[in-house]
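Subject: Structure for your files

Hello,

Here is the structure I said I would pass on.

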Amino acid sequence: DCVQDPTLEGDDYYLKIDTKTLCQFRENSKMDAAWFATMDYIDWHAAIVGVVIGLGFPAYIFTTLRRHRRKGKLTAESPYTALFEWYIPAHCAFEVVQMIRKGALILATAIPYNRVLPEDFMIGG
């Protein structure tokens with residue numbers, strides 16, 4: 001990660017770990033800084049969309065299966081058969097638990113270490 005040193009004049013960016021080392025984007029640093037800011041903006045939007053879809057879809061499946069089970073409409077002819085056929089009727093929404101578990105596993109392996117862990121815990125840091 002690159003940071004701007006407010007004590008120095010100019011628009012130069014330096015490595016966060018070693019502030020004596022100038023970052024590679026010397027020419028046009030304002031544009032590159034804007035690009036990094038845009039990437040942070042995209043990260044936030046991706047996180048929001050991920051939460052809405054990652055929790056919204058399982059919530060929809062849970063409420064739909066629960067509603068159909070209460071009405072007695074969970075049969076082999078149901079369009080949701082693939083979601084509950086492996087579970088007993090009392091626990092038909094257990095697929096939601098599996099979805100959230102798989103999503104958490106993917107999330108835990110996909111988060112870049114430099115955004116989550118402090119530098120002391122990074123490999124070689």
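Below is what was found in it, from the whole chain down to single residues.

Please keep in mind that this is a predicted model. The mean pLDDT of the protein chain is 75, and 68% of its residues reach 70 or more.

Overall fold

The protein chain holds two strands and four helices. Read from the N terminus, the order is β-β-α-α-α-α. Of its 125 residues, 18% count as buried. The chain exposes about 10,200 Å², and 64% of that comes from carbon and sulfur atoms. If you take the contacts between residues at least 6 apart in sequence, 19% of them join residues at least 24 apart.

A nonpolar patch on the surface is formed by Ile48, Val49, Val52, Ile53, Phe57 and Tyr60. Together these residues have about 610 Å² of accessible area. Phe57 belongs to helix H1, which covers residues 29–71. Its relative accessible area is 45%, so Phe57 is classed as partly exposed, between the limits of 20% and 50%.

Thr81 in helix H2

Thr81 is part of helix H2 (residues 81–84). Is Thr81 buried or exposed? Thr81 is buried, because its relative accessible area is 17% and the cut-off is under 20%. With neighbours within four places in sequence set aside, Thr81 is in contact with Thr75 and Ala76. Leu65 lies 16 residues from Thr81 along the chain, and the C-alpha atoms of the two are separated by 9.7 Å.

The side chain of Gln98 makes a polar contact of 3.1 Å with the side chain of Arg101.

Regards

Definitions and conventions: Residues numbered from 1 in each chain as written. Predicted model: local features only at pLDDT ≥ 70, side-chain atom pairs only at ≥ 80, totals over all residues. Heavy atoms only, no water. Patch = residues over 30% accessible without salt bridge, like charges linked within 9 Å, V, L, I, M, F, W, Y side chains within 5 Å. Areas by Shrake-Rupley, 256 points an atom, 1.4 Å probe, with all protein chains shown as cover. Salt bridge = Lys/Arg side-chain N within 4 Å of Asp/Glu carboxyl O. Buried < 20%, exposed > 50% of the residue type's maximum accessible area, 1.4 Å probe, protein only. Contact = heavy atoms within 4.5 Å. pLDDT = per-residue confidence, 0-100. Polar contact = N/O pair within 3.5 Å; in protein donor to acceptor, adjacent residues only side chain to side chain.
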